[in-house]
Each structure stands twice: as C-alpha cells, then as structure tokens.
Amino acid sequence: MNRILRLSDEVIGKIAAGEVVERPSAAVKELVENSLDAGASAVTVEIRGGGADYLRVTDNGSGIPAQDIRMAFERHATSKLVTAQQLASVATLGFRGEALASIAAVARVTCTTRTAGNETGIRAVNEGGQLLSVSEAACPEGTSFVVRDLFFNAPVRLKFLKKPGTEAGYVADVMMRMILSRPDVSFRLISDGKTVYHSAGDGKLESAVFAIYGSEMLRSMRKVEGNENGLVLKGYVGIGESGRSSRSNQSFFINGRYLRSPLLSSAVEEACRERVMIGKYPACVLHITMPYEQVDVNVHPNKLEVRFANEAGVSSAVENLVRDAIRDRDALERPVPMILTEEAAPKAPSVVTKDREAAPVAQVQRVFREEASPKAVLAEAEAAQQPAEEKAPIPIVRSDAPQAETAARTVALREEPAAWQAAAPLAAEQEPMPFLKEEKKPMKIIGTAFNTYILIEYENQLLMVDQHAVHERLLFDEMMRRYDTQSAGQQLLFPLLVSVTRREQQVLEENRESLERIGFSVEPFGEAEVSVHSVPMVMGEPQTKAFLHEVLDQLAEGRAYTAEKRRSAILQTACKHAVKGGEALSEDVLRDLVTRMVEQRVTPTCPHGRPLVVSLTRTELDKKFRRIQ
Ligand code: ADP
Ligand code: MG
C-alpha cells in the first residue's frame, strides 16, 4: 500500500484546471467574464490557431491594483466573494476564484494591467502556475491577458482538442452569446487576424443581433416585446426564411445569463409552428427578466440548464408573447420578397467543418450571413481598448467579406462614424407595409404561371401566390374551426353498436371522460360490444367506428388523443383535398381563392410553413431592366 501523501500544488492545480478550462473557449469565457466583472465597456478577444496557440483578452475595465496581482493568480482568491451566504448565488455566476489560477496552471500567461489614476501599470508573467515576474509597464488603463501555449504541460488535454477551426468556432459561440447577452458592451473577436464579430455596444439588442446575424437576417426577424405571468420578454424571433435546421441559433438569456432550456425552445417553436417550414426551427434571441426566486439555475456553471418554479406559466407566457409578435393582419402584409438585383451573392463561408453535427454554431451559421457590411465601427472605443503596442488599426472585416473592397469602405466609415448609425438596420422595427390597411386596393389577377402560381398585380408589386398552399391553408383553417365548434359531438339518431375487445373495453372505462371531451359518448352493451350515442365531428364528417378504434388504440398505449394528433389528422386531410399545383383552375376559382385568402386574414404560410405569397416589387423589375439604377 502506498502511503497517503498530499498532492503537490502543481498537481492540484492541473486537476482543477482541467475542470475549469477544458478548451480555449472555456478560458475565453472565464477571462471575458472577469472583464465584465471589472466593468469593461469594450472587450477584444483575439485568438490564433483556435486559441490554443495564442489568445488575448483585452478590456478597458478597472484594472488590477499592483498589490493584488499575486493574489489574482492564487487559487480561491477573488475580490468578489464576500460572505458564505452569498455562495449559492455566487456559484451560479462563476465567481469561484479559480479561473486565473487554472488557466495559468496549464499555459504561459502574461497579464498587463493598469488601474485608473495610476501613471504606470504592471506586467506579470505566470507560466505553469509559477509567477515568474512582476514589473512596471506602460500600458493603457484596463487589463490584457495573453495566454500562450494552452496545455503545453498537459499533453492529454492537448490531444483532446479538435482542429483549430473547430476550436475557433467554439470560441465564436462563446462570443456570440456574450454579444447577445450584453448589448451595452462592445465586443470584438479576431481569429487569425480576421474580425469575426464586432458589436457596437450601444446598448441596443438590435445592434447586437446585427453583429451576429447581419442585416438580411435581422430584417426578416420579428421583434418581441411584452410581459405576462410575471416575466418580461424582449428580443427577436426569426420565422419564414430565417428558420434554421437546428436549435443552435436559439439563444435564451434569463436575467442576463445565457441558458439552454428545452421548455423555452418548445414554447417558441409552438408559437412559430406553421410559420417555419416543417423540419426547421425558428431562430431567436430572447431576453427574459423575472424574479430570481422563480428560477433555479443548475449550480454547475458549465451545464447552463435552468428550471422554473412555474413551468406552465413561463411556457405559456413565452408562447403567447411570441405568437403575438409574429401575427400578421393578412397574407399580404409581409409577402416573401423576391430580390433580383442583389449586387453580390452571399459569400461561401471561410471555414466549414465537414462534421456538421459537431461543428460549433458560429462556424456553421456563417453560411447564412450576408455579404459584409462593416457598419459597426467604433473608432473611439477601439482606440481606448487597444494596448499601446497594438494600436495599428486592424481593418474591420467580417470573416466572410471580400477583403479589398471592405478595407476601402472601412476607411470611409471611419471618417464618418455616424454613418453606420444612419445605415443601421432599423428594418426590423419598421412599420409593416401598408397593405390593405383600410380600403381595399384593387387587385388585378393576371392569370397563372405553370398552372401553379397565381400572378397578381397589386399596388406596386407583382404577387405570386401558390394555389395549392393557399387552398390548403383555407381548408385547414376551416376544418380546425369546425372541429373546435363541434367538439361536443353529434348525437346519433340510433345508437351505433361497435364490437370491442376486452382490452378496449377496459381502456374505454378508464378514459370515459376524455372520450366525452372529444365528442364520443359510449355505453357498455353486453359482453363484447358498446353502444355509441354521439360521435365527434371532424371536418364536418361524423367519425365512427374506425376513429373510435384509433382513439382507443392511442389511449391504450398511454397516449392521450392530443391536440397535436388532431391537428396532424386535419392537416393530412386538408392537404389531400386541396387543389394541386399543376391543376388548371378557372378564373372564378382563382379569384375566389385569392379573395378568401385576403378576407379571412389567413396565416401567411400553408400549415406546413411554406409561404403563400412571394412579392416582386416594381422597383426590382425596373432595376433589372435598367430603367432605374
Ligand atoms: P473570480 O473571477 O472568481 O474572482 P478569477 O480567478 O477569475 O476569480 O480572478 C481572480 C481575481 O482577479 C478577480 O476576483 C479580480 O479581482 C481579478 N481580475 C481578474 N481579471 C480581471 C480583469 N480583467 N480586470 C480586473 N480584475 C481582474
Ligand atoms: Mg473569474
């Protein structure tokens, strides 16, 4: 048996380091959080080689007093923890006083820092947990941490790192959430010399969303704002074209903190159903403010999971507020615009991982970002936060930007910093287009193209309406309405005898109430039969035997006959009965479809989420034909 020995500080340090900094993105997160704790209004993160070779976090915060610099690198040393009682809340915020110690234990760290009012700053060098030197240094106010050769003395950790591009993507994910959570702070992320993100820090969430997603996406997102059930919800939701193939572009912030929550995701998805295509997820950036005692954040700081005291209340509040935000007056309010004259097609992403599954969000989403528009230039903040030796301006380039052109535009914008504000994408807040507001504008039905798209001249637009999608929407809505109003069931003139198995009989007994709720009234009748006195109406048709068996089957499997089930049954029927694309329709039928679409104020997508109306403006056509520039 070996004797029990105390582990050396070095070993303890490395073990703890592995928990706190398992990859460069975790180190970035810790350092940026420190910058925010220090009251910084501008934070620059620069990485090389995905962050493992080099990472720098520079802020314009309070700085670290010379007498504290040694302590800062000590384990369990913090300026933030005051009493033991605060520990519970403190733990969730990640104040554990071990980030710097952990990072320094497995890297070569240089900290340059100066506090306000001090003429000179200090430079401290710590390698592998050893404080090698502390000296005077000339540096701007604030703090800069440079971390080189992360895991140089932890080969196992090093081996677990992914390719630099992937690690850079994880860092970008962290920065994306930082930017979206703190619109009041100007963040900049530079990876291998290129600016990936640069947020304005003007306090507007809109500007933060712009910095991440670009103007095209922002324009297509809907603003959400309101309160219900004791929570305040603010942010943006992307429906229609901005639907994404995974949930990774859903960001929720609860009381300012980024958290994942399946509950919130489903609430948003429920609200946006039929407004994104099947298989797509709405993108969103949503800030929820609510009393702290209503939220239970898992104490493990990396799990980012959350529980609510009142789950149903939170879920329905979010669903209702989002649904309100995306409601349109009618199908013509925001037709999907067709753009013919885009100057440059979106650039391919500079880095795309083959493995989409494992690929970090930020990397993947670059695919969707539009062509660079370097608007978020904050020359002043920039100058303030660049360390003296690094003051040479780095051109502001979205990583997917055509380089030369962008540099030129950057210069122009720098001369006139107000330019980006004027050009700021306020579109998301614009009044919806004034279609059919009060008086009805004349609509000229031109005909159909390919027996599929109804062409309409309407105001200054050429509208294209998918005949199948519209009919499907109209049928679906009508069936849902009819079902809802007739759910009490249709009394039968003569009771209907249906034979049932013993198992079915049992299920029937146990679920009498829920059967009645959907319109079945059923009595036992002898050994192997039941008598049915009333049946539910679905789409105007009385539902009898087959439907009863189907419902009993579902109940037997422990599943309720849910609203979702009902919806999908109706959807299938609607789809089956709708006129098809390619079917020639008479002018009367076309006119009827369009009129009903407008008058019934239908949701502007078919029940599967495909758009009903695409619009081509006269201006677009005129530009294409070079009538105007
Ligand atoms: P914690 O953040 O839990 O206090 P850290 O190890 O992350 O622990 O940091 C230790 C201490 O170093 C902090 O409490 C703070 O006083 C100081 N510090 C770290 N980074 C900065 C910074 N960027 N600006 C000012 N002070 C900092
Ligand atoms: Mg910290």
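Me: How far does an oxygen atom of ligand 1 lie from a polar backbone atom of Ala-99?
Reply: This is a predicted model, in which local features need pLDDT of at least 70, side-chain atom pairs count only at pLDDT 80 or more, and totals for chains, interfaces and linings use all residues. Residues are numbered from 1 along each chain as its sequence is written, chains are lettered from A and ligands numbered from 1 in the order in which they are written, and side-chain values use heavy atoms, leaving out hydrogens and water. A polar contact with the ligand is a pair of N or O atoms within 3.5 Å. For the oxygen atom of ligand 1 and the backbone atom of Ala-99, the distance is 3.2 Å.

Me: Which residue has a polar side-chain atom 2.9 Å from a nitrogen atom of ligand 1?
Reply: The side chain of Asn-34 has an N or O atom 2.8 Å from an oxygen atom of the ligand. The contact with a nitrogen atom, at 2.9 Å, comes from the side chain of Asp-59.

Me: What share of the area that ligand 1 exposes when taken alone does the protein bury?
Reply: Accessible areas come from the Shrake-Rupley method with a 1.4 Å probe. Taken alone, ligand 1 exposes 530 Å², and the share buried by the protein is 92%.

Me: How many residues surround ligand 1?
Reply: A residue is counted if one of its heavy atoms lies within 4 Å of the ligand. The closest are Asn-34, Thr-78, Ser-79, Lys-80 and Gly-97, and the total is 21.

Me: Why is the pair of Phe-73 and Phe-145 edge-to-face?
Reply: Rings of Phe, Tyr and Trp (its six-membered ring) pair if their centres lie within 6.5 Å; planes under 30 degrees apart count as stacked, over 60 as edge-to-face and the rest as tilted. The structure holds two aromatic pairs. In the pair of Phe-73 and Phe-145 the centres are 6.3 Å apart, and the pair is edge-to-face because the planes stand at 75°.

Me: Is Phe-145 buried or exposed?
Reply: Buried means under 20% relative accessible area, exposed over 50% and partly exposed in between, with a 1.4 Å probe and protein chains only. With a relative accessibility of 7%, Phe-145 counts as buried.

Me: At what distance from the ring centre does Arg-48 lie over the face of Tyr-54?
Reply: A charge sits over a ring if NZ of Lys or CZ of Arg is within 6 Å of the ring centre and within 35 degrees of the ring normal. Arg-108 lies over the face of Phe-152 at 4.0 Å. For Arg-48 over Tyr-54, the distance is 3.8 Å.

Conventions
Polar contact = N/O pair within 3.5 Å; in protein donor to acceptor, adjacent residues only side chain to side chain.
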